[in-house]
Amino acid sequence: MKWVLGALAVLLMVLSPLPGVAAEDAPRRWALVVGENQGLSGEERLRFAETDAQRMREVLQEVGAVPPERTMALLGTDAAKLREAMARFRARLAAEASPRDWLLLYVSSHAGDGSLHLRGTELPMRELVDFLKGAPVGVGLLILDSCRSGVATRLKGLKPVAAPVTMEASDLEGRIVISASGADEYAQESDALQGSFFTHHLAVGLRGAADASRDGRVTLEEAYRYAYARTLESTLVSPGGLQRPTFRMDLRGRGELILSEPQHARGRLTLDVKAPGRWLVMASESGALVAELEKGEGPTTLAVAPGAYRLLLRADEGYLERSVRVPLDGAVSVGGEPLEQAARLRLARKGGPGSALMVAVGPSLTSGIVAGLSSVVGLDVRLMREGSLLPGVDTSNLGLAVRRGTGRGVDFQQTELELRLGAGPHWDLGAWTFSGALEAGALAVFQSRIPDEDARFGVEPLALVTGGVRLDVRSRLSMLLTASAGGVMAKRDRGTALVPRASASLMLGYAL
């Protein structure tokens, strides 16, 4: 009996995995995080570069599977100290890292002319890329949140990728460079966000806002798509100009590159409202803005530290607020009918899946189509719908205009009744909405009081290209300015002719 027990023990020892084998098989993650507010002499001191670096370190440790012992952070540095830190980190990677490991290098600072500007010193971005390429790891990711940092994505050895990006990478090796701005663009900070636009949106995306698949994980593709779109939206009307993050990579492999796993965070907050909406998540005690996000369709889960928060959902006027406490090692879900109604009302005003209807009325001035009548004035009435029809076509309208004019030289009166249908895209920029449309319809013309002639009547086809801008002024009221240009197939004594046609309308709109 004893020899049987002994044989079983030996067999179990042979079949059991050796200690540490499973851990060694899984890729380990490393991070070097750098933030410096001060640039070269004469450059305005940044306010949030070091804060952004600290925020990124927290995100990587909380949801990015980068443990503190494999994280190096430099909050305040110059070129010499950063070179020294990279040398020490490279030596440690050579001793401890494996070809399956991942390395993330994040830098937030001043930059220009292809170099980082760090406390009166310069470090060529080429050195960062060389450090990344030379690191003894399988995957290397460099994220630069600096002005004109797009220069780094032009350096030799990486392939350009147009946004949005799709990739496969799991059993992979390669390098990726993401910059917060183009080669000639500013990377902008925000007082409201207490950080840069790009890093804020990237961090919020990694915490779960970018999880489009709702699987509790955020891939590189999802994170970049989210940060790109939100940065572009945030800076579209910024005094600093449009900021477009750029992306270059050289990856080989299959699968998905997972950057974060919010589902495993100690604290999780779920915005359980199906309709899209803009949310603010603020820490109750400090008042700090934790996340400002545009939530898509369906619930969204964010990884946050345990504690008390104020949630604000943009409603029809102002915000709808809710307080919540996220437990330690737990999750909380926030929803309810008032929040759902507020989100759907905002979605309707933007023209989402639920669509929005608006009626608009106002005066119109239009060019004439006959000699002796250069223009006619009248009333323009439009019924507009914002809601998806086809890809890229999310607004449509039905227009009816009544106009009247009196001829000069030859005394006659012309009355016009115009009916048209149109469709095209629209773009929301805060309180402003811009739209374009192709319109077609019919123009009924009635001429009377013609000397020595009977009254005339005719119906003529028309086609127009229309552009418009709308400003939301109150809860359901808007001001609209539209302009159209095109042509009318007008009847003449010797057949028909294409007559140019232009018009402009200033209207008051009411959302139904």
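**Aromatic rings**

I am reading a predicted model, where local features need pLDDT of at least 70, side-chain atom pairs count only at pLDDT 80 or more, and totals for chains, interfaces and linings use all residues. Residues are numbered from 1 along each chain as its sequence is written, and side-chain values use heavy atoms, with hydrogens and water left out.

How many aromatic pairs does the structure hold? I found two. Rings of Phe, Tyr and Trp (its six-membered ring) pair if their centres lie within 6.5 Å; planes under 30 degrees apart count as stacked, over 60 as edge-to-face and the rest as tilted. The ring centres of W30 and F89 are 6.3 Å apart and the planes stand at 85°, so I noted this pair as edge-to-face. W30 is in strand β1 (residues 29–35) and F89 in helix α4 (residues 79–96), so the pair links distant parts of the chain, 59 residues apart. Helices (H or I, at least four residues) and strands (E, at least two) are DSSP runs, numbered from the N terminus.

I then turned to Y224 and Y228. Their ring centres are 5.8 Å apart with planes at 45°, so this pair is tilted. Both are in helix α7 (residues 220–234), four residues apart, which separates them by about one helical turn. Y224 is buried at 3% relative accessible area, while Y228 is partly exposed at 21%.

I also looked at what sits over the ring of W30. The charged end of R70 does, 5.6 Å from the ring centre (the rule asks for NZ of Lys or CZ of Arg within 6 Å of the ring centre and within 35 degrees of the ring normal).

**A three-strand sheet**

I traced an open sheet of three strands in the order β18-β15-β21, with mixed pairing. Two strands pair if DSSP finds at least two bridges between them. The edge strands, β18 (300–303) and β21 (330–334), each pair on one side only. Strand β15 (residues 267–271) pairs with β21 in the parallel sense over five bridges. L269 stands opposite V332 in β21.

**Two threonines**

T219 is in strand β12 (residues 218–219) and is buried, at 5%. T395 lies in strand β24 (residues 393–406) and is buried as well, at 11%.

Notes:
Buried means under 20% relative accessible area, exposed over 50%, partly exposed in between (1.4 Å probe, protein chains only).
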